[in-house]
2 protein chains.
Amino acid sequence: MSTRAYNFCAGPAALPEAVLRRAQAELLDWRGIGLSVMEMSHRSDEFVGVASKAEQDLRDLLAIPANYKVLFLQGGASQQFAQIPLNLLPEGGTADYIDTGIWSKKAIEEARRYGTVNVAASAKSCDYFRIPRQEEWTLSPDAAYVHYTPNETIGGLEYDWIPDTGDVPLVADMSSTILSRPLDVSRFGLIYAGAQKNIGPSGLVVVIVREDLLGRARSSCPTMLDYKVAADNGSMYNTPPTLGWYLAGLIFEWLKEQGGLEAMGQVNRRKQQKLYEFIDASSLYSNPIATADRSWMNIPFVLADAGLDKAFLAGASARQLLNLQGHRSVGGMRASLYNAVSEAAVDALIAYMAEFEKENG
Amino acid sequence: MSTRAYNFCAGPAALPEAVLRRAQAELLDWRGIGLSVMEMSHRSDEFVGVASKAEQDLRDLLAIPANYKVLFLQGGASQQFAQIPLNLLPEGGTADYIDTGIWSKKAIEEARRYGTVNVAASAKSCDYFRIPRQEEWTLSPDAAYVHYTPNETIGGLEYDWIPDTGDVPLVADMSSTILSRPLDVSRFGLIYAGAQKNIGPSGLVVVIVREDLLGRARSSCPTMLDYKVAADNGSMYNTPPTLGWYLAGLIFEWLKEQGGLEAMGQVNRRKQQKLYEFIDASSLYSNPIATADRSWMNIPFVLADAGLDKAFLAGASARQLLNLQGHRSVGGMRASLYNAVSEAAVDALIAYMAEFEKENG
C-alpha cells in the first residue's frame, strides 16, 4: 500500500509515483547490466542511449524544431541569469526585461552586471497582481534580446499569451510552467527551465536554444557556461548530472504515456480551474491575481484571518496534504499543481479547505 | 542474490551497495514522511537536516578545521577551472600551475583566459611518467595561488606528498583522490572535488575553502560562481542538487561505519599494492609510472600485445569485471579502485588477469 502524501511543494516538487517506482526497481541494476545508472560512464553506449532518448522524447513532447539545440546543464535558472547575458548580450549592449515579480527581478539584477537592462514593462505599479499587456511595453529598438518570466512561481502570475518581439530573440524562464501544456517553441530564441518542478530532480537545468544564437559568448565567459561548447559536445563537455538526466528521461516517457502535453494541459486546466473557483466562491480564502493572469502551476492564497494559518497548515499536514505554506518572502499559502500532482490531490485539498472553512469560517 | 558487477569505471564510478540499498528503500518515502528526499523543499527542516549532517560527517572524516567552509556546488571540476581564477586571481595577476597531465592542462588552459599562468613545473619532459619534485618547481614570487592536481585520473599519477607553498594558498583538484586516505586539510587554501568518484553521483562538486579566501571574486564573476555567496547562503543561494547532496551524505555515513579514512586508507593501500605487484611481476601487463608517483585510485596498464586488448576486455566483461578500457585519449586499460571497489573486486580482477596471461602470455 502506498504511504505517499499529497505534495504541493513549489520545488523541488512532487514526481510521478510510477517514475519513482521504476527508478527504485532499477536503482542497483539498470536493465540487467549489474550497475546503477549513476555508476556508469556518461560516455558508455548505455548512458548515451539514455541521454539521447531523453532528448528525443522532450523534442517529441514539445515538438521542438530541428534548428534548436536541447542542452542538459547544471546550476539552475539562477546560473542562467548570468549565462544568458554572457552568451547573448554584447559588451556595451542593451537587453529588454519584463518585471513581473521576484524571479524576473533576480534575472534583471544579474543581467545588470553585464550590460544595460531596459525594464520595458513592470507589474510593480499594480502590486504584481496583473501582467502588463504587450501594448504597455516600451521595447528598445536595439535590444539584444527580450527576457520575460512566463510563470512567476512565488507571485502566482502566468502569461496566457506569448509576446511578439519580431526579430529580437525572446528569452523565457519557463522553470515552473514548461511541459504543463503545449508550447510553440518556434516563437522563442531561448527557453530555460530548472528541472525541479515539471522535469525531474534539482541539479539539472534544460536549455532550448535556437542554433543561430550559439557562438556569441563573450571572451570572458567560462567555457562551461558557453552554450556553443555545450551544444558541440552534446551537453557532455564534462561529466553531466547523469542521474538527473536519466530521471528526466523517465518523466518524459511518463508524459508521453499520459498522452503528451495536450492531455496534460487538459488535466492541468481542470485542476487549477477547480481550485480557483473554490477560492473565489469562498469567504475565507482569496487570491489577488487578475483572472487572466493567474498561474496554472502555482496558486497562492491567503486566509481572511492570518491567525488561522497555523491551524490550517497543521490540519493539512494531518491529512497528508504537505508543503502548502507560502514562500518565506510573502507568507500565506501556496498550492503548486505541477504535472505530478494528481487531480485527486487537488480534490483532497479542496475537500479539506471546505471542511476547514466550515469549522473556522 | 546480488547481480551486481565489479565496476572499475573511472567515473561516474561504483557506489557502495549498502548505500544504494538504503537509497532504494527510502526512495518513495523518506523516513515515513510520505515523500522522496528529492520531492522536498531544500529549505525544509527535513532537508536542511540531511544537508547539515552530510557536511558535519564530511568535516569529521577529513577533520576539516573550523576556519574552512564546505560548499556543495554544481558544474563539476571543469567549472571550478574558471571559478578558481574568477575568485582568487586578481585582474592582471599571476597564478602558478603544476602540469602533471590532462586534467592539469585543462585547468591551466581555462585559467589562462583570466590572467597570467606560470607553469611552475611540468611532467612533460618525462612523458608524464613522473611527478616533478618540489625542488624542480619554479614558483612565482607574487602568485595569487599555486594549483596542482594531486591525482591524475587519466595518466594514473598521484602525489604521495603535499607541496609546501608557504603563505601562497595551495589549490588542489582532489576529484579522484579525496576520501581515499586521511588528509591534512590545513595545508590547503582550497580543495575541490567532483563527486562522481569517491563522494556520490555526478552533478555535485564539493569545495573546501579557507575563510580568508572568500570575498575576493571579480566584479564580472557570476553570482552563482562567487564562493562567498555560496558560503553565506549555506550552498543554498538557489536550489542545490538535493538528491546528490543526500547521496553524498549516505556515502559519508558509510565511510564512518567502515572506520573512517584511516581504515579506508589501509584497504586502499592493500588494493593498489596487490595490483601493482601483480602487474610488475607479469610479462604481459605493464604500468609505466615511476613507483613513488603511482596512483592508488586509477591504475592504467597496457598489454604487451595490443592485439589482445579486445579479447581481454571481452573476457573481463564475461566475468562481470566492467569498465576496464582506458580513457579514449590514451587507450590501453585502466582499473579505478575507488572506495566502493572492494578488495574482493581487486582479487577477482587479478585472478582473471593471471588466467588471461596463462592462456595468452
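S235(B) sits in the loop between α5 (227-232) and α6 (242-257) of chain B. Helices here are DSSP runs of H or I with at least four residues, strands are runs of E with at least two, and both are numbered from the N terminus. The model is a predicted one, where local features need pLDDT of at least 70, side-chain atom pairs count only at pLDDT 80 or more, and totals for chains, interfaces and linings use all residues. Residues are numbered from 1 along each chain as its sequence is written, chains are lettered from A and ligands numbered from 1 in the order in which they are written, and side-chain values use heavy atoms, with hydrogens and water left out.

Back to S235(B). Its phi is near 60°, a positive value in a residue other than glycine. Most residues other than glycine have a negative phi. S235(B) is buried, with a relative accessible area of 8%. Buried means under 20% relative accessible area, exposed means over 50%, and partly exposed is in between, with a 1.4 Å probe and protein chains only.

Chain A has a counterpart to look at. S235(A) is in the loop between α5 (227-232) and α6 (242-257) of chain A. Its phi is positive too, about 60°, although S235(A) is not a glycine. S235(A) counts as buried, at 7% relative accessibility.

Next, the peptide bonds. Most peptide bonds are trans. The bond from G11(A) to P12(A) is cis, with omega near -10°. P12(A) belongs to the loop between β1 (6-7) and α1 (17-25) of chain A. In chain B, a cis peptide bond joins G11(B) and P12(B), with omega about -10°. P12(B) is placed in the loop between β1 (6-7) and α1 of chain B.

H42(B) itself lies in the loop between α1 (17-25) and α2 (45-62) of chain B, and at 7% relative accessibility it counts as buried.

Y114(A) also has contacts in both chains. Leaving aside neighbours within four places in sequence, its partners include S220(B), C221(B) and P222(B), and in chain A they include A82(A), P85(A), L86(A), L89(A) and R218(A). Y114(A) and L89(A) are 25 residues apart in sequence, and their C-alpha atoms are 7.6 Å apart in space. Y114(A) lies in the loop between α4 (102-111) and β4 (116-122) of chain A and is buried, with a relative accessible area of 6%.

That brings us to the interface as a whole. The contact takes 64 residues from chain B and 64 residues from chain A. About 4800 Å² is buried between the two chains, and carbon and sulfur atoms give 53% of that area. Buried area is the accessible area, with a 1.4 Å probe, that two parts lose on being put together, summed over both. L28(B), M38(B) and E39(B) supply 14% of the area that chain B buries against chain A, more than any other three residues.

S175(B) is in the loop between β8 (170-173) and β9 (190-194). At 8% relative accessibility, S175(B) counts as buried. Not counting residues up to four places away in sequence, S175(B) touches A77(B), Y192(B), A193(B), G194(B) and K197(B). I162(B) is in the loop between β7 (157-158) and β8 of chain B. Is I162(B) buried or partly exposed? At 22% relative accessibility, I162(B) counts as partly exposed. Its contacts, with the same exclusion of residues up to four places away, include Y148(B), L170(B) and F188(B). The C-alpha atoms of I162(B) and Y148(B), 14 residues apart along the chain, are separated by 9.9 Å.

Last, chain A overall. Chain A has nine helices and 14 strands. Its radius of gyration is 21 Å, close to the 21 Å that the globule rule gives for 361 residues, so chain A is as compact as a globular protein of that length. The radius is taken over C-alpha atoms, and the rule is 2.2 Å times the number of residues to the power 0.38. Along its principal axes, the C-alpha trace of chain A spans about 60 × 60 × 30 Å. Buried residues make up 63% of the 361 residues in chain A.

Conventions. Contact = heavy atoms within 4.5 Å.
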